[in-house]
Amino acid sequence: MPKAKQSARRKKFNYNVDRKKLKKQYIKKCNPRIENSQIRNAWDDKKSMARNLQEMGLAFDPNRTLPIKKKSLIGKDKETKAPAGIVTKPYVISQLEEEAARPERDSKTLSSDLMEYAQYMIREHKDDFKAMARDEKNYYQDTPKQIKRKINEYKRCHPDHYDNFMKSLAAPEPMAQ
């Protein structure tokens, strides 16, 4: 069987390849960045992933951690036991639980155009969504339900702003004389 042509050819060094860059890319691929700061700080690069997670008290394999009962035809159900690992870094679990217990802030906001649109519609038509749909400023031809949804979104995202706006509508404007 004949040899491949390339294997007989002499190896030549490629000067156009940046070896430092290649090494960085390889290291980055082998050791991906851990997004969670608690786990990243407790991580030991010299240990395997399973060992690291076991020391933190986290599950590497959920099938082993929460085993499924095996049903037998005769007798009782057999339960496979999960291997009990020694947790040497319990502070990681407590930090993760604290972070999970914190209430999530609603960071959704509306554009100023949408807020002005909702205010205009409320100012002109109060609660009449059908009239809002027929309004000439309804450029996107929103249906009454779409307009109602946008106004409810405005109420939900900016409750203080909405309350102040409604108070300003309720207060009678002083007449200039």
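A residue counts as buried when its relative accessible area is under 20%, and as exposed when that value is over 50%. By that criterion, 18% of the 177 residues of the chain are buried in this structure, which is a predicted model.

**Overall fold and surface**

- Of the contacts between residues at least 6 apart in sequence, 47% join residues that are at least 24 apart.
- The chain has an accessible surface of about 16,100 Å², and carbon and sulfur atoms account for 53% of that area.

**Aromatic pairs**

- Phe13 and Tyr15 form an edge-to-face pair, with their ring centres 4.9 Å apart and an angle of 70° between the planes.
- Phe13 counts as exposed because its relative accessibility is 52%, a value to be read against the cut-off of over 50%, and Tyr15 likewise counts as exposed because its relative accessibility is 71%.

**A charge over a ring**

- Lys137 places its charged end over the ring of Tyr120, at a distance of 5.3 Å from the centre of that ring.

Key
Residues are numbered from 1 along each chain as its sequence is written. This is a predicted model: local features need pLDDT of at least 70, side-chain atom pairs count only at pLDDT 80 or more; totals for chains, interfaces and linings use all residues. Side-chain values use heavy atoms; hydrogens and water are left out. Buried means under 20% relative accessible area, exposed over 50%, partly exposed in between (1.4 Å probe, protein chains only). Contact means heavy atoms within 4.5 Å. Accessible areas come from the Shrake-Rupley method with a 1.4 Å probe; for residues, only the protein chains shown count as cover. Rings of Phe, Tyr and Trp (its six-membered ring) pair if their centres lie within 6.5 Å; planes under 30 degrees apart count as stacked, over 60 as edge-to-face and the rest as tilted. A charge sits over a ring if NZ of Lys or CZ of Arg is within 6 Å of the ring centre and within 35 degrees of the ring normal.
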